[in-house]
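This report describes the architecture of one protein chain for a reader who is new to structural analysis. Please keep the structure in view while reading.

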Amino acid sequence: QVQLVESGGGLVQPGGSRRLSCAASGRIFSMDAMGWFRQAPGKQRDLVAVITSGGSTNYADSVKGRFTISRDNAENTVLLQMNSLKPEDTAVYYCYAGVRDHELRYAPYWGGGTQVTVSS
């Protein structure tokens, strides 16, 4: 089993910054793509940013230039640096990871989510 635990959510003023962290633990041989999704009330869960094992990144148009995703393969963590936050960034943010075990079997995992609220 693999667990993903997010941290770093909270209340932040418009224009402010926040850094989310997600740590994976358990039966892990390697991590494929890792990423962040978000879900606002009444809306579907949408991709925010993704990073491959090789470090290639992709972002939703709404966060390009403001958010930066990074990962530490040695620590099995993925970070999301969020700058110039807007009220429309308010959502529950979920960490995602594609994990391979020691038999190289692949499985996707999700964290439980962390709330980010952008409000004055």
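## The largest pocket

How do the residues of the lining of the largest pocket divide into nonpolar, polar and charged? The lining holds four nonpolar, four polar and five charged residues. The model under discussion is a predicted one.

The volume of the largest pocket is about 180 Å³. Thirteen residues line this pocket, and those closest to its centre are Arg38, Ala40, Lys43, Asp46 and Glu88. Strand 4 and strand 5 are the elements that give two or more residues to the lining.

## Strand 4 and its partners

Strand 4, residues 30–39, runs antiparallel to strand 9, residues 91–100, and eight bridges join the two. Within this pairing, Gly35 stands opposite Tyr96 of strand 9.

Strand 4 also pairs with strand 5, residues 46–51, in the antiparallel sense, here over five bridges. Trp36 has Ala49 of strand 5 as its bridge partner. Six residues lie between the strands of this hairpin, and Gly42 there takes a positive phi near 80°.

## Ile51 in strand 5

Ile51 belongs to strand 5. Is Ile51 buried or exposed? Its relative accessible area is 5%, and because buried means under 20%, Ile51 counts as buried.

The C-alpha atoms of Ile51 and Ala33 are separated by 5.6 Å, although the two residues are 18 residues apart along the chain. When neighbours within four places in sequence are left aside, Ile51 is in contact with Asp32, Ala33, Met34, Ser56, Thr57, Ile69, Ser70, Arg71 and Val78.

Strand 7 pairs with strand 8 in the antiparallel sense over six bridges, and Arg71 stands opposite Val78 in strand 8.

The hairpin of strand 7 and strand 8 has four residues between the strands. Asn76 is located in the loop between strand 7 (67–72) and strand 8 (77–82). This residue has a positive phi of about 55° although it is not a glycine. Asn76 has a relative accessible area of 18%, and is therefore buried, since the cut-off is under 20%. Apart from neighbours within four places in sequence, Asn76 is in contact with Cys22, Ala23, Ala24, Ile28, Met31 and Met34.

In soluble globular proteins, nonpolar side chains tend to be buried together. The largest nonpolar core of this model has 31 residues, of which Trp36, Leu80 and Tyr93 touch the most other members. The elements that give two or more residues to this core are strand 1 (2–7), strand 3 (18–26), strand 4, strand 5, strand 7, strand 8, strand 9 and strand 11 (114–118). Strand 9 gives the most, with five residues.

Which residues does Tyr93 touch, not counting those up to four places away in sequence? They are Glu6, Leu20, Trp36, Phe37, Arg38, Val48, Phe67, Leu80, Met82, Gly113, Thr114 and Val116.

## Strand 11

Three bridges join strand 11 to strand 9 in an antiparallel arrangement, with Tyr93 standing opposite Thr114.

Strand 11 also pairs with strand 2, residues 10–12, in the parallel sense over three bridges. In this pairing, Val116 is the bridge partner of Gly10.

## Leu104 in a loop

Leu104 is found in the loop between strand 9 and strand 10 (106–110). Its phi is near 65°, a positive value in a residue other than glycine. Leu104 has a relative accessible area of 48% and is described as partly exposed, because exposed means over 50% and buried means under 20%.

Conventions. Residues numbered from 1 in each chain as written. Predicted model: local features only at pLDDT ≥ 70, side-chain atom pairs only at ≥ 80, totals over all residues. Heavy atoms only, no water. Buried < 20%, exposed > 50% of the residue type's maximum accessible area, 1.4 Å probe, protein only. Contact = heavy atoms within 4.5 Å. Pairing = 2+ DSSP bridges. 1 Å grid on protein atoms, 1.4 Å probe; cavity = no way out; pocket = protein on both sides within 12 Å on 5 of 7 lines; lining within 4 Å. Points joined across faces, edges and corners; volume = space filled by probe spheres on them. Nonpolar A, V, L, I, M, F, W, Y, C, P; charged D, E, K, R; others polar. Core = buried A, V, L, I, M, F, W, Y, C linked by side-chain atoms within 4.5 Å.
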